Amino acid sequence: MTDSSAPTPQAPAADATNPLLSTASLPDFAAIDPSHIQPAITALLAEAQQALERVTAADAPTDYDFLSRTLNVATERLGTAWGAVGHLNAVANTPALREAYNAMLPAVTEFYTALGANESLYATYKAIAAQPGLTPERAQLLKHAMRDFVLSGAELQGEAKERFAEIQERGAELGQAFSEHVMDATDGWSYFATAEELKGVPADVIANARAAADKDRADGKPVEEGTHKLSLHFPVYMPVMQYAEDRALRERLYRAYVTRASELGDKPEWDNSAAMQELLMLRQEEARLLGFQNFAEASLVPKMATSPAQVMDFLRDLATRARPYAQRDLDEARDFAKAALQLDELQAWDLAYVSEKLKEARYAFSDQEVRQYLTLPRVLDGLFRIVDRLFGVQLVPAQASVWHESVQFCELRRDGRLIGQVYLDLFARSGKRPGAWMDEVRSRWARPDLAGTGSEQIPVAHLVCNFPQGADGKPALLTHDDVTTLFHECGHGLHHLLTRVAELGVSGISGVEWDAVELPSQFMENFCWEWEVIQQLSSHVDTGEPLPRALFDKMLAAKNFQAGLQTLRQIEFALFDMRLHAEPGSEARVQDLLDEVRAEVAVNPPPAFNRFQHSFSHIFAGGYAAGYYSYKWAEVLSADCWSAFEEEGVFNPATGRRYLDEILSMGSVRDAMDNFKAFRGREPRIDALLRHQGMA
């Protein structure tokens with residue numbers, strides 16, 4: 001809590017050479033060094049604290065323009081600098097950077113916790129919200145802000161308020177530790193395989209594994225000639241699980257992957273068991289302080305869903321619908337494994353391999369065959385052309401300071417006018433967090449400190465994936481799943497970049513309900529199943545020929561292959577997450593609770609040693625706690641939106657414009673349900689999702 005009687009801290013003298021203190025429109029990522037972090041963030045925290053004290057002073061005007069010009073400008077500058085540090089910590093992690101980030105994390109967390117719980121600032125917001133003549137944008141952001149003040153403990157008093165702040169600080173530390181343990185456990189495991197063990201694995205994966213082993217040997221490590229270094233990074237792990245004929249090798253990688261960061265993993269210091277337990281206890285305590293029965297209830301306040309019971313009913317209903325299809329999928333895999341592959345018992349490390357072989361046998365194609373046509377440069381070019389056709393904007397390669405030589409930077413232009421910028425960091429590497437995500441660098445904002453200049457801050461985004469590098473001088477080859485991942489993250493990026501709202505807090509994805517934020521991302525995935533689109537995305541790595549129509553038809557026929565199993569898997573994760581945050585005492589029975597969920601919804605529970613939860617970063621180190629259901633919830637919305645394009649024409653300009661106007665560009669000025677109804681003309685229905693997944 002801020003003590004108003006304490007002397008005002010003075011901001012340290014700014015070092016003009018510190019890139020984190022630059023007021024340039026883009027961070028100078030290449031220049032940022034760990035030594036810059038402490039002095040820059042300390043200075044920016046002091047500036048933001050001074051701004052907070054100015055707007056909460058007794059003589060401060062009750063005026064949003066003054067508040068924004070004073071406080072929002074200062075906190076946005078702090079947020080941009082700290083965001084750059086956090087981004088580098090996720091994609092270019094080093095021991096020195098990690099140490100510097102963790103050293104400042106408590107101070108940053110303490111400031112934002114105190115900001116969100118500041119009673120005087122809360123009172124100012126309430127007074128401004130009661131004023132007449134507010135624009136819809138400003139009325140909505142004030143409504144969101146007052147809700148968030150309550151959820152941030154602004155109405156707590158005394159010891160409760162102090163304890164709430166302690167919980168936030170400790171929770172931030174634990175979330176960061178959880179993420180570090182997963183990264184270290186992923187980076188820290190390797191196995192040097194022989195050529196014989198790698199029989200069946202795609203050639204480019206083998207070439208990259210051989211190059212990794214050669215590099216280790218060149219660095220003086222005791223690595224045998226002719227071996228291949230395998231890791232747990234997904235571009236290595238997944239092809240081995242799909243294609244390696246050596247069952248023992250598949251089991252070795254599977255065991256290592258599913259026990260990462262657990263008590264069964266390589267190093268006790270990477271075990272996330274204690275972090276999970278403490279995080280869950282802290283979240284339940286936080287919820288009780290705020291007057292909720294459990295953390296799930298608190299988490300749902302700013303979401304579309306209204307109660308944990310509603311979410312669990314939704315998930316269980318979907319599980320009931322999907323279960324017969326999932327059981328059929330599993331039975332077919334078991335029968336095929338026995339009859340065609342002489343595997344009497346289908347183990348967890350066999351499923352990806354057997355499924356790939358079954359798909360090849362049934363549909364006469366393989367993912368590896370499709371990969372030859374999906375080179376990253378061609379896919380990116382096709383994606384850019386589709387975005388232009390749909391929304392009338394062009395992604396143009398440009399120059400900017402980046403953190404790794406493989407990072408690409410683009411400008412987003414409409415009619416020649418710059419409207420946004422985006423960094424593309426697409427390749428897996430050590431020191432980079434697993435997974436794929438979009439993150440904000442800056443939001444669209446009619447900055448009050450630029451008022452009268454005719455200038456406006458444009459939105460900037462990160463698009464991050466973990467694709468394999470190209471091998472033997474050839475471009476990177478993507479699976480069709482990789483392509484849909486890229487389109488998914490592009491959907492998030494477009495939601496952020498194409499906003500027409502210029503009020504900070506409700507522009508882009510800011511303030512959008514968490515269970516609706518996946519709508520634009522999942523919507524974009526649908527284009528990857530259109531023949532006209534695939535023609536633009538494909539070019540054979542050797543011949544340059546587009547993907548043949550006959551092969552695409554086989555892909556289309558296999559589109560819903562094992563959709564039942566995949567649906568139940570997502571429901572399993574979502575139901576586990578919701579129960580974990582809704583039930584008292586869950587921290588003491590994490591494994592038991594997960595086993596109960598699997599017994600309820602899964603048709604093929606994993607082995608007892610599986611420790612999936614120890615690397616479930618979405619809920620323990622991301623923003624999805626009591627919110628993982630959002631993927632399935634938003635899938636209903638996105639499938640229904642896509643059905644409008646099916647009815648009216650995939651590239652119908654009027655439909656595309658309506659989608660842009662009513663959903664993509666609206667930010668959170670309206671509630672997500674109002675956006676959906678404005679586009680679709682009615683409330684969402686589950687029919688389209690079931691039909692698209694072959695479960696109608």
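In what order do the five strands of the open sheet stand, and what is the pairing? The views below begin with that sheet. The model is predicted, with local features requiring pLDDT of at least 70 and side-chain atom pairs counted only at pLDDT 80 or more, while totals for chains, interfaces and linings use all residues. Residues are numbered from 1 along each chain as its sequence is written, and side-chain values use heavy atoms, with hydrogens and water left out.

View 1. Two strands count as paired if DSSP finds at least two bridges between them. Strand 3 (394–397) and strand 6 (437–442) stand at the edges with a single partner strand each, so one side of each has no neighbour in the sheet. Direction ignored, neighbouring strands of this sheet are turned by 30 degrees against each other on average.

**View 2. The antiparallel pairing of strand 4 with strand 5.** Strand 4 (residues 408–414) and strand 5 (residues 417–427) are joined over seven bridges, and Leu-412 stands opposite Gly-420 in strand 5.

**View 3. The packing of helix 12 against helix 20.** Helix 12 (residues 308–341) and helix 20 (residues 563–582) pack at an angle of about 150 degrees, with their axes 8 Å apart; axes are lines fitted to C-alpha atoms, for helices over the stretch in contact, and angles run from 0 to 180 degrees between N-to-C directions. The two helices are therefore roughly antiparallel to each other, a term given to angles over 145 degrees. Their crossing is left-handed, meaning that the near helix is turned anticlockwise from the far one by less than a right angle. The residues of this contact divide into 18 nonpolar, two polar and four charged, where Ala, Val, Leu, Ile, Met, Phe, Trp, Tyr, Cys and Pro count as nonpolar, Asp, Glu, Lys and Arg as charged, and the others, Gly among them, as polar.

**View 4. The largest pocket, with a volume of about 910 Å³.** A pocket is an open set of points on a 1 Å grid over the protein atoms alone, with protein on both sides within 12 Å along at least five of seven lines, and its lining residues have an atom within 4 Å of a point; a volume is the space filled by probe spheres set on the points, which are joined across faces, edges and corners. Of the 30 lining residues, Asn-208, Ala-212, Ala-428, Arg-429 and Ser-430 lie nearest the centre. Helix 7 (203–218), strand 2 (228–230) and helix 8 (234–243) are the elements that give two or more residues to the lining, and helix 7 gives the most, with nine residues. By class, the lining has twelve nonpolar, nine polar and nine charged residues.

**View 5. The second largest cavity, which holds about 110 Å³ of space.** A cavity is a set of grid points where a 1.4 Å probe fits but cannot get out, and the count comes to three cavities of 30 Å³ or more. The second largest cavity is lined by 14 residues, of which Val-512, Ala-516, Ile-663, Ala-672 and Asn-675 are the closest to its centre. Helix 17 (519–525) and helix 25 (672–680) are the elements that give two or more residues to this lining, with helix 25 giving the most, three residues.

Terms used: Helix = DSSP H or I, 4+ residues; strand = E, 2+ residues; numbered from the N terminus. Parallel < 35°, antiparallel > 145°, perpendicular 65-115°, else oblique.
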